[in-house]
Amino acid sequence: MGLTASLEHVVVVVVVVMVVVVVVVVVVVVVVVVVVVVVVEVVVLKLCRRVLPAETNINAALLQALRVSQISRNSNIAQKPETIIIFLTDGEANVLPSEPRAIIHNVRKANTGRTSIFTLALGSRANFDFLKQLSLRNTGFARKIYEASDTALQLRDFYRQVASPLLANVTFKYQPDQVSACLQLRGFPHQITSNRVSVVNCVDL
């Protein structure tokens with residue numbers, strides 16, 4: 001009886017040890033699999049970022065928008081709508097040409113129809129100074145959209161400002177013998193509620 005009891009005790013201990021070993025092996029295998037999956041995901045994400053970087057081609061986007069607005073201006077519609085461009089961006093240009101001065105020059109040169117360009121800077125990464133200059137050179141204005149506030153509410157307020165122009169194709173006429181060549185601006189394509197009309201010129205007295 002004593003030998004049988006001892007054998008049974010040894011068998012139980014062996015079984016318990018085997019169960020513990022199996023559990024430990026399973027846990028180790030699971031941990032290894034999880035680590036491998038995480039490492040693979042990180043590597044894949046890095047490769048994707050290198051192969052397919054996020055592109056912000058501001059120059060091409062604005063030139064395409066101007067082409068579309070020109071098509072609208074040249075349409076045969078009796079009452080042609082006043083065309084405006086609302087440009088939203090959350091980053092800086094990383095596709096050539098990416099230099100702000102070059103983009104402003106290209107857009108201003110292509111904007112033969114004097115389409116107003118309004119810009120929205122989303123978040124802190126957007127180059128607001130560049131967007132402000134871009135809009136001012138194209139008879140528009142720029143606004144910041146703050147991440148900490150209600151984005152939808154800010155966009156709605158912005159749209160209300162630009163949705164209903166008070167005036168269109170405002171032109172100033174002067175007597176040729178009273179205004180010299182330093183006149184900066186003779187006309188405005190749109191007059192929005194939030195804008196003021198300012199004309200700087202030299203008058204010969």
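Read along the sequence, the pattern is α-α-β-α-β-α-β-α-β-β. That gives five helices and five strands. Helices here are DSSP runs of H or I with at least four residues, strands are runs of E with at least two, and both are numbered from the N terminus.

A word on the source. This is a predicted model, where local features need pLDDT of at least 70, side-chain atom pairs count only at pLDDT 80 or more, and totals for chains, interfaces and linings use all residues. Residues are numbered from 1 along each chain as its sequence is written, and side-chain values use heavy atoms, with hydrogens and water left out.

Now the chain as a whole. The chain has 205 residues, and 24% of them are buried. Buried means under 20% relative accessible area, exposed means over 50%, and partly exposed is in between, with a 1.4 Å probe and protein chains only. The accessible surface comes to about 14500 Å², and carbon and sulfur atoms hold 62% of that. Those areas come from the Shrake-Rupley method with a 1.4 Å probe; for residues, only the protein chains shown count as cover. Next, contacts, meaning heavy atoms within 4.5 Å. Take the contacts with a separation of 6 or more: 60% of them join residues 24 or more positions apart.

Start with helix α1. V35 sits in this helix, which covers residues 2–51. V35 is partly exposed, at 46% relative accessibility. It belongs to a nonpolar surface patch of about 630 Å², together with V15, V19, V23, V27, V31, V39 and V43. Patches are built from residues with over 30% relative accessible area and no salt bridge; like charges are joined within 9 Å, and nonpolar side chains (Val, Leu, Ile, Met, Phe, Trp, Tyr) within 5 Å.

On to helix α3, residues 100–110. Which of its residues are buried? They are I103, I104 and V107. Seen down the axis of α3, these buried residues fall within an arc of 100 degrees, so they line one face of the helix. The arc is taken from the directions from the helix axis to the C-beta atoms. An α-helix has 3.6 residues a turn, so residues three or four places apart point the same way. On the other side of α3, R101, H105 and K109 are exposed. What covers the buried face? The cover includes α2 (58–73), β2 (116–122) and α4 (128–136).

The N-terminal end of α3 has a cap. E99 provides it: a side-chain oxygen lies 2.8 Å from the backbone nitrogen of R101. In the loop between β1 and α3 we find P97. The peptide bond from L96 to P97 is cis, with omega near -5 degrees.

Beyond its neighbours within four places in sequence, N59 contacts P97, I103 and N106.

Next, strand β1, residues 84–89. T89 is in this strand. T89 counts as buried, at 6% relative accessibility. Leaving aside neighbours within four places, its contacts are T56, I58, L120, A121, L122, A126 and L131.

Then T139, in the loop between α4 and β3 (142–145). Its phi is near 50 degrees, a positive value in a residue other than glycine. The T139 side chain makes a polar contact with the side chain of S116, at 2.9 Å. A polar contact is a pair of N or O atoms within 3.5 Å; within protein, one must be able to donate a hydrogen and the other to accept it, and residues adjacent in sequence count only if both atoms are side-chain atoms. T139 and I84 are 55 residues apart along the chain, and their C-alpha atoms are separated by 9.9 Å.

Last stop, helix α5. F158 lies here, and F158 is buried, with a relative accessible area of 4%. Not counting residues up to four places away, F158 touches I86, F118, L120, F141 and R143.

How many salt bridges does a search of the whole structure find? One. A salt bridge is a side-chain nitrogen of Lys or Arg within 4 Å of a carboxyl oxygen of Asp or Glu. R160 pairs with D157, with the closest N and O atoms 3.9 Å apart. The two are three residues apart in α5 (residues 151–163), so about one helical turn separates them. R160 is exposed, at 58% relative accessibility, while D157 is partly exposed, at 37%.
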